[in-house]
Amino acid sequence: MKLHEFNARDYISDMWIYLAALLGLYFLRRWYRERQTMEKLTEKYVFITGCDCGFGHQLARQLDARGLQVLAACLTYKGAEELAKISSERLKTTVLDVTSTESVKAAMKWVEGCVGNKGLWGLVNNAGIAHPSGPIEWLTKDDFAKLINVNLLGTIDVTLHMLPLMRKARGRVVNMSSINGRLAGSGSYSITKFGVEAFSDSLRRELSPFGIKVSIIEPSAFTTSILNNVEVNFRKTWDRAPSDIKEVYGQQYLESCCTLINQVYVKKANTNLYLVTDCMEHALTSQYPRTRYSAGWDAKLFHIPLSYMPTFAADYVITCFSPKPAQAV
Ligand SMILES: NC(=O)c1ccc[n+]([C@@H]2O[C@H](COP(=O)([O-])OP(=O)(O)OC[C@H]3O[C@@H](n4cnc5c(N)ncnc54)[C@H](OP(=O)(O)O)[C@@H]3O)[C@@H](O)[C@H]2O)c1
């Protein structure tokens, strides 16, 4: 009997060793594959939206320094001029508002002229906004539409226009989502990023027969200008909320939300934008890009694991961190 127990213990410890060896081999293979980069990078054209500042601006400069042919779209002429001034002569800029199909069409014609018969290798749908956001009851349909127009419909419209140019190069689409696209936070913003995730998943499956790969970037909070004035904008949303809704939530709720925004999102936001732009660069230059890139330790260790948990567990954790409205029962 004792001998039998001893063998069972041996068997279990052997199983753990095999499992650890298998895991080790998996990560070794993944590490090796992910180090393989594409050839002739200096001949590849990459079009990026939202390059005035933030991730788009940094990615444009990073790829330019690496020798790729960067086609950077900025929302403003000033943004385009400033980026052109600090970049190599290779980098070209244009002005694009992703909410205007006319503007998207014009950008597509411009890209077509730049890439010639080489085709477009990379499309980075980066442009995005985060305001207006706040509790759903404080918002209007137009608030939702404003965010959806830029973050989701903008991404869709640019992709639809650029895809014919990409088929020849059999390149990469890189879509900027967020950890809010995996775990809903602010209602209006999360809706757009969940949309980006769904769009990207469908696109990846549909484009794989054509050799085009689609990657999704899911950063946590980073200190770009999207985080400027978050509290001011949050208070603006409160200010124009109907008075009966204000009564339901109460001034104390607003103040607690503002403290949370400042202490958790703004002050703790990551300052190293390279954690995100390196993922974008990898998605564009690696032979084996990942489907999803999470950037930031809080994304990897908190948000993404929580997104795999049962809904009641995620709800419980999020509710624990959330302030209580005045008339909460
Ligand atoms: N920073 C974060 O914590 C974080 C986390 C997760 C995901 N993201 C996502 O990352 C992307 C880039 O944001 P960011 O953090 O780098 O913020 P950012 O610094 O504000 O950059 C956003 C860029 O998009 C441009 N833009 C805004 N509306 C546009 C429009 N209608 N058409 C074309 N361009 C437009 C902005 O131009 P102007 O500056 O001229 O307005 C700016 O260049 C967004 O999709 C955002 O949702 C950010």
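Visitor: Where is Asn229 found?
Guide: Asn229 sits in the loop between strand S6 (213-219) and helix H7 (230-239). Helices (H or I, at least four residues) and strands (E, at least two) are DSSP runs, numbered from the N terminus. Residues are numbered from 1 along each chain as its sequence is written. This is a predicted model, where local features need pLDDT of at least 70, side-chain atom pairs count only at pLDDT 80 or more, and totals for chains, interfaces and linings use all residues.

Visitor: What is phi of Asn229 near?
Guide: Phi of Asn229 is near 55°, a positive value in a residue other than glycine. Arg170 also has a positive phi, near 45°, and Arg170 lies in the loop between H5 and strand S5 (172-176).

Visitor: Why does Arg170 count as partly exposed?
Guide: Burial is a count of C-beta atoms placed from the backbone: a residue is buried if 20 or more others lie within 10 Å of its own, exposed if 12 or fewer, and partly exposed in between. Arg170 counts as partly exposed because it has 13 C-beta neighbours inside 10 Å. Asn229, with 13 other C-beta atoms within 10 Å, is partly exposed too. Phe312, in helix H12 (residues 311-321), is exposed, because 8 other C-beta atoms lie within 10 Å.

Visitor: How many of the residues of S6 are buried?
Guide: Seven of the seven, so S6 is largely enclosed by the rest of the structure. Lys213, Ser215, Ile217 and Pro219 point one way from S6, while Val214, Ile216 and Glu218 point the other way. Across the chain, buried residues make up 36% of the 329 residues.

Visitor: Do S5 and S6 run parallel or antiparallel?
Guide: Two strands pair if DSSP finds at least two bridges between them. S5 and S6 run parallel, joined by five bridges, and Val173 stands opposite Val214 in S6.

Visitor: Which residues touch the most other members of the largest nonpolar core?
Guide: A nonpolar core is a set of buried Ala, Val, Leu, Ile, Met, Phe, Trp, Tyr and Cys residues joined through C-beta atoms within 7 Å. The largest one here has 56 residues, and Val46, Phe47, Ile48, Ala72 and Leu120 touch the most other members. H5 gives the most to this core, with six residues. Take Ala72: leaving aside neighbours within four places in sequence, Ala72 is in contact (C-beta atoms, placed from the backbone, within 7 Å) with Ile48, Cys51, Ala60, Leu83, Leu91 and Thr93.

Visitor: Which residues does the UniProt annotation "transmembrane region" cover?
Guide: Residues 15-32, in an unreviewed entry. UniProt positions are given in the numbering used here, feature names are shortened, and annotations may be inferred rather than shown by experiment. In the model, the chain over residues 15-32 is 100% helix and 0% strand, with the end C-alpha atoms 26 Å apart.

Visitor: Where is the cis peptide bond, and what is omega?
Guide: The cis peptide bond joins His131 and Pro132, with omega about 5°. Pro132 is in the loop between strand S4 (122-125) and H5.

Technical notes. Contact = placed C-beta atoms within 7 Å.
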